Amino acid sequence: MTTKERIIEEAFKLFLNNNYEKVSISDLENAIGKTRGAIFYFFKNKEEIFNEVVDTYLIKTQDPSVKFKFEDNISLEQFIKLYISGINTTMSKMLSISVVNIYKHYFSLYLQAARIYPNFSEIMTRNSIEEINMWEKVISRAIQNKEIKAVDTKHYATLFRSCFLGLAFDRCLLYGLNTEELFTLYQTIYQQIKLKS
């Protein structure tokens, strides 16, 4: 891990556990074990460090094109499994940071980013729209291939996406998202719209 990557990771931990305003450069020096000069060799100020943390741990990890790579001919049933796998990969990365109740703190950081990071809300809204479009595309193909009944693709795309977001938010204060629970919920929805062969 490079010094810059270490600064970003340690800053991520600090911003997860504390509001932006409460994190000082001294806190960063202590966490990283580097001097102020070493930190400012890579970054101009605390805001730039925060923005890099948001880029690395929120924007890039929540980018659907990065999180969910799939072939155009994938079935809805396969996509559901791939979607869960993408969430598990992201969660594993987060859990490797070793922060107590990272899920609750991650949502808190998300809200801070909406206040501090330029255009964060617009960027994440675009990500959300892209992800819903991804679901729509897969659902439309599943209808064409007679995998599922003819359903309102926008409605079901939003339903699948909202199940993930709702469970993630609902469970963040306790133990975090259980992807097996999400998978079971997805399978229930899928079985209701699947065409019987």
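Student: How many helices and strands does the chain have?
Tutor: In this predicted model, the chain comes to 10 helices and zero strands. From the N terminus on, the elements run α-α-α-α-α-α-α-α-α-α.

Student: Okay, and what does the C-alpha trace span along its principal axes?
Tutor: About 65 × 30 × 30 Å.

Student: Let's talk pockets. What volume does the largest pocket have?
Tutor: Its volume is about 480 Å³.

Student: Which residues lie nearest its centre?
Tutor: Those are Q62, Y106, F107, F164 and A168, out of 23 residues that line the largest pocket.

Student: And which elements give two or more residues to that lining?
Tutor: Four helices are listed there: α6 (76–95), α7 (102–116), α8 (120–144) and α9.

Student: How does the lining divide into nonpolar, polar and charged?
Tutor: You get 14 nonpolar residues, six polar ones and three charged ones in the lining of the largest pocket.

Student: Switching to the surface: which residues form a nonpolar patch?
Tutor: L173, L174 and Y175 do, and together they have about 370 Å² of accessible area.

Student: Where is Y175 placed?
Tutor: Y175 sits in the loop between α9 (153–171) and α10 (179–193).

Student: Now charges. How many salt bridges does the structure hold?
Tutor: The structure holds 10 salt bridges. As an example, the side chains of E10 and K13 meet in a salt bridge, with N to O at 3.4 Å.

Student: Where do E10 and K13 lie?
Tutor: Both are in helix α1 (residues 3–17), three residues apart, and that is about one turn of the helix.

Student: What about annotations: which residues does UniProt list for "domain: HTH tetR-type"?
Tutor: The unreviewed UniProt entry lists residues 1–61 for it. Over that stretch the chain is 72% helix and 0% strand, with the end C-alpha atoms 18 Å apart.

Student: And which residues does the "DNA-binding region" annotation cover?
Tutor: According to the unreviewed UniProt entry, that annotation covers residues 24–43. In the model, this span is 75% helix and 0% strand, and its end C-alpha atoms lie 14 Å apart.

Technical notes:
Residues are numbered from 1 along each chain as its sequence is written. This is a predicted model: local features need pLDDT of at least 70, side-chain atom pairs count only at pLDDT 80 or more; totals for chains, interfaces and linings use all residues. Side-chain values use heavy atoms; hydrogens and water are left out. UniProt positions are given in the numbering used here, feature names are shortened, and annotations may be inferred rather than shown by experiment. Patches are made of residues with over 30% relative accessible area and no salt bridge: like charges are joined within 9 Å, nonpolar side chains (Val, Leu, Ile, Met, Phe, Trp, Tyr) within 5 Å. Accessible areas come from the Shrake-Rupley method with a 1.4 Å probe; for residues, only the protein chains shown count as cover. A salt bridge is a side-chain nitrogen of Lys or Arg within 4 Å of a carboxyl oxygen of Asp or Glu. On a 1 Å grid over the protein atoms alone, a cavity is a set of points where a 1.4 Å probe fits but cannot get out, and a pocket is an open set with protein on both sides within 12 Å along at least five of seven lines; lining residues have an atom within 4 Å of a point. Grid points are joined across faces, edges and corners, and a volume is the space filled by probe spheres set on the points. Ala, Val, Leu, Ile, Met, Phe, Trp, Tyr, Cys and Pro count as nonpolar, Asp, Glu, Lys and Arg as charged, and the others, Gly among them, as polar.
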